[in-house]
Each structure stands twice: as C-alpha cells, then as structure tokens.
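Biologist: Can you take me through this one? Start with how you name the pieces.

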Amino acid sequence: MTATASDSRPGVSATASPPPKTARKLSALAGLLPFLRPYRGYLAVATVMLVLSSAAMLVVPIAFRDLIDKGFVRNATSGDINGHFAALGVLAVFWALATAGRYYFVSWIGERVTADLRSAVYRRMLFQAPAYFETTRTGEVLSRLTGDTTLVQTVVGSSVSMGLRSVLQFIGGLVMLGVTSPRLFAITAVLLIAVVVPLVAIGRAVKRVSRDAQDRVADTSAIAGEILNAVPTVQAFTQENAEAARYDRTVESSFDSAIRRTRLRAAMTAGIIGGVFGAIVFVLWLGAQAVVAGTMSAGQLASFVLYAVLTAGGVGVIAEVWGDVMRAAGATERLIELLHAESTIQPPAHPKPLPESRQARIEFRDLSFRYPSRPDTAALDHIALDIREGETVAVVGPSGAGKTTLFQLLLRFHDASSGAILFNGVDLRDLDPESLRARIGIVPQDAVIFSADAATNIRYGNPNATDEEVRAAARTARADEFIERLPDGYATFLGERGLRLSGGQRQRIAIARAILKNPPLLLLDEATSALDAESEQYVQRGLEAAMVGRTTLVIAHRLATVQRADRIVVMDAGKIVEIGTPAELVANGGLYARLASLQLMA
Ligand code: ADP
C-alpha cells in the first residue's frame, strides 16, 4: 500500500513524479547550442530586435522629459506641443514593432528548438537496445519528452529574452539614473538595495515552499492514481474509510504547504508595494525639493522616476527568470543525457553484407549468455545447435529455461557473453542489425496491435505491400475469416478504443504480418494461454502455412506443433538437455516425455 503510482505503473509517473530538480551548473544549457546553430539567422534578427526594443524603452523617459520641460511650459506654441507628441507617438510605434518582432523571433526559435529536441530524443530512444528499457522507465522518458522539453521551450522561447531585456533595462536604467541626477541616484541605489535584497530572500523562500507544495500535490495524485485503479480490491477489504482518511491526510498536508506559501506571498506583496512605492514617494519628495530649489527641472524629475521604475522592474524580472533558467538547465542536462545514450548493440564499423537468399541456416556455437542485471546466473549455458535450411525446430522446456532469451539473442537484442550465433555462416556481430532483422519474421506470444486499422496493422510487416498482398497474407494466416466480418473489414480501426480482438485473432494478425514480411527465418512464440478450440484450429493452420518454405524456430506449447516439427530441442535451466524427433524423445523417457505427459498433452 505504500507503493506510489510511479512504482507500480510507469505510465503514471509523468504526472506523479516530483518536479524536476534544478541543475547545479548553468553550463548545462550549452548542450542546446547544437540545436540553436542551424537558426543563426533567426538568432541574429532576434538579437537586433532585442537591442532595438530595449533602446526604445530607454528613450521613452527622455521623450517625456522633453515633453514636460519644453512642451508644457507657459510660452510653448501649439507647434512645439505637436512636435513633442508626434515624437512620442513615433517612439511608441517603433517600440511596439521592435517588441513584437523580438517576441515573434524568440518564440519561433523556442518552438523550433523544442520540436527538434523532441524528435532527436525520440529517435534516439527508438534505436536503443531493449536492455535500455529495463533500467529506464518509459514513464520517465515520456515525462522528459513532454515536461523537460516544455521547460526548455519556455526558457529559450521567452525567459531568456525577457532576462536579457531586463539586463539591458537594468544597466541602461542605472546609467541613465546616474546621468540624470548623481545625487538622487546614490540615494535611490541605497533604497533599492534596502528594498530588493529582503524581497529576493523572501522570493527564495516562496520558491522553496512552492516546490514543497508541488511535491505534496504530486503525493495526492500518486495515491489517488493507485487507489482508483484498485477500487474493487479496496472495497473487498472494506478499506474505503481508511483510504479516504489516508488521502485526507495528504490533502491536508498539501493545504498546509499551500497556506505557508500564500502567507509568504502576502508578505512579499506588502513588501513590494510598501517598499517600492514608499521609496518612490521619498525620492519624489527629494526631487520635488530640488525642483523648487531650481537644481532640477520637472522633466528631469519625471524621467528620473521613470528610470527608477525601469531599473527596479528589471531587477524583479531577472530574479524571476533566474529560477526558470536554472530549471531549464536541469531539464537540458537530462535531455542531453538521453540524447547521448549509447545503445549496447552497435552495428560494426564495416558490416559484412548478407547475400540475398531465401534460405536461413543458424548455428549456435557454444553460446552462453547472462543478463547484465543478473550476472550470476547463465540464462543460456553453452548452447550448441545447428539448424538446417528449411528445418522446423520446436523448442520446449519449463518456464525460465531460456527459450525466449534464445529468440532475443537471435534478433540481436543482446550480445552473447561467450560463443557466437551465425546466420548463413556470418557472425551476428559482423552484421548490421537492420539487415539481420529484415530477414527474420517474429510472431510473439502476445501480439502487439497498433491503434490503426486492420490493413495497416498487417502492413507493418511490409509497408510497401499492396492491398491485394495484405489480403493474401491475411488469407494465408487465416485472419481474413474474422477481418471480413468486422464492421469495416480491413479498414476497421483496431485501437484500444475500438473493438477488442481475442487472443487468437491478435495472433493471426501477427502471423499475417510475418507472412507479409516473407522472411527466410521465422520465430514463433506460441501463446501459452488457452485459445478456444475454433480459434486454436485457425491459428494452428495459419502457423503451418507461415512455416512453409522457411526455417522456423518455434517455442512450442502445443503437442500438435511439436509433432509437426522436424526436431525438438528440450531446454532446462539454460542448457539443451535433449534433442531429437518426437518419437525418439518419448522413447527416451526423459524431460520431454515428462513434459509431454504433463503439459503439452493438456
Ligand atoms: P523461458 O522463455 O524459457 O521461459 P527466459 O528466456 O524468459 O525463459 O528466461 C531465462 C532466464 O533468464 C530466467 O531465469 C529468467 O528469469 C531470466 N531472465 C529473462 N529475462 C531477463 C531479463 N530481462 N533480465 C534478467 N533476467 C532475465
């Protein structure tokens, strides 16, 4: 009951995982450079727009100063006034356009980089050996693909430009404050520090508490995710009230956390309004005295206040954006890590070509294999076996004997720990895995049906097949029998939300897929679960048709399959313990004879 949803169901962890950690180093963002490089032109335009819009912003207070000092004086003509207002209007239009341009180009870069990053990471994942997904949870990869890339997008597509703008605004503002009135500037600087430093400290605390609150919310959704999926069990054990109470406790703790954050935020708001406004009033008061004394003009005072506001605003935005940038650095670090994941299965530098051949001959040469996660037991232990062209070999043995592992190694999902597998005389490690797999058809126990229509699902075996070829394959696999009775025939959508196929029907789709691929070597993993008699018969006939004219290796669970094999290989604890024809093995009275009487006969 203590397991979180992310432990038990990887798919849920995208929502229930704690918020991403902040990177220790900002330099992690450098990992994005290769993704920015192709868009140098856009970057240059965005930078120009950034500088132009910031410059326009910094000119606004000067325009106001002139307006007040020269336009609002008693002896000004209406021409003077018009001129000053026109200048202000032009400035506004320029500022607006430059800002819009900056926004567009920066957002464009953000979206583009995110799209490229997503595609690159996804592609990299598709090429990982299956071993990779034993240590990496798919839920985690999913959350990186969506969550982390979104973080990067926010930063590249807005935070960075906001931050840079604010830096320009801050520096420009400081310079202009100094130019406008050195004395007031010195006083304002002291005030700003006095106000901003405590506010930044409170801001940090708010962030910490916010993260805590987010964790609490993630806890509640983890609990709800697990329990709502197990309501019948909860009710069967009459734990409804206990579960409700457990949820209540987490909700309360998340409430407390939220209130702590709210309190800090309230204090911070009071600090910002009181501190900043108080400081402005104080400086204005000093300035007004200077104006009265004649050491400063009214326009200068106005522009000074505007610069002070710009400078303080710049600091605020930088503080806010900094957290985003650091989080994006963390996200980038994790994405780059995925991007640099090396598959344990690498094609050789100079793969040997496999001659085009309709034949497949397999040799297992003293093959041993240990799963990296279980180095102390041999899943395959000195396997030696030659399979002739066109031969059908049935592999039988108790569960855990190593039958599936044998298939995995043939597909080169793992490499042998010692010994070798040869395909038509070539060591698998000297082949490009793609050209090897192109010659193997596989019908797994539990066929995967993609959310697409029946024809598309079969065409997965050969994307270039014509409709007629798809139908022919389905007929051979005895799948047309049920596909034609579906509401839209071959165009019927088979996805999770569509109609559900029985185990036998799914397997026949998989057989059709393998037949369409027309490979020289066929690997069949018979379903262990019982099919109804009719379905069983169809599957059996489909399999037999699929085996015609090719080398076939079948993990057999049914007597009918075993009896049609040319040879039977009996495995136990990673070793081959018997090889022979069904009759020979029964006569031997060994493991096969026992299995046959116990399981296979059933
Ligand atoms: P079978 O298909 O005959 O039931 P397997 O080939 O699946 O047997 O398994 C052979 C042995 O390897 C078993 O002891 C099993 O626990 C172990 N094994 C299978 N897959 C893995 C894996 N991914 N990581 C570690 N051990 C594994």
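Modeller: Helices (H or I, at least four residues) and strands (E, at least two) are DSSP runs, numbered from the N terminus. This is a predicted model, where local features need pLDDT of at least 70 and side-chain atom pairs count only at pLDDT 80 or more, while totals for chains, interfaces and linings use all residues. Residues are numbered from 1 along each chain as its sequence is written, and side-chain values use heavy atoms, with hydrogens and water left out.

Biologist: Where is Thr136 found?

Modeller: Thr136 sits in the loop between helix 6 (132–135) and helix 7 (138–180).

Biologist: Is Thr136 buried or exposed?

Modeller: Buried: the relative accessible area of Thr136 is 13%. The cut-offs are under 20% for buried, over 50% for exposed and partly exposed in between, with a 1.4 Å probe and protein chains only.

Biologist: And how many residues of the protein chain are buried, as a percentage?

Modeller: Buried residues account for 43% of the 602.

Biologist: Other topic. What is the radius of gyration?

Modeller: The protein chain has 36 Å, whereas a compact globule of 602 residues would have a value near 25 Å. The radius is taken over C-alpha atoms, and the globule rule is 2.2 Å times the number of residues to the power 0.38. Along its principal axes, the C-alpha trace spans about 120 × 60 × 50 Å.

Biologist: Which domains does the assignment give?

Modeller: Domain 1 (2–10 + 19–339) and domain 2 (448–518), with bounds from an automatic or database domain assignment. Their C-alpha centres are 51 Å apart.
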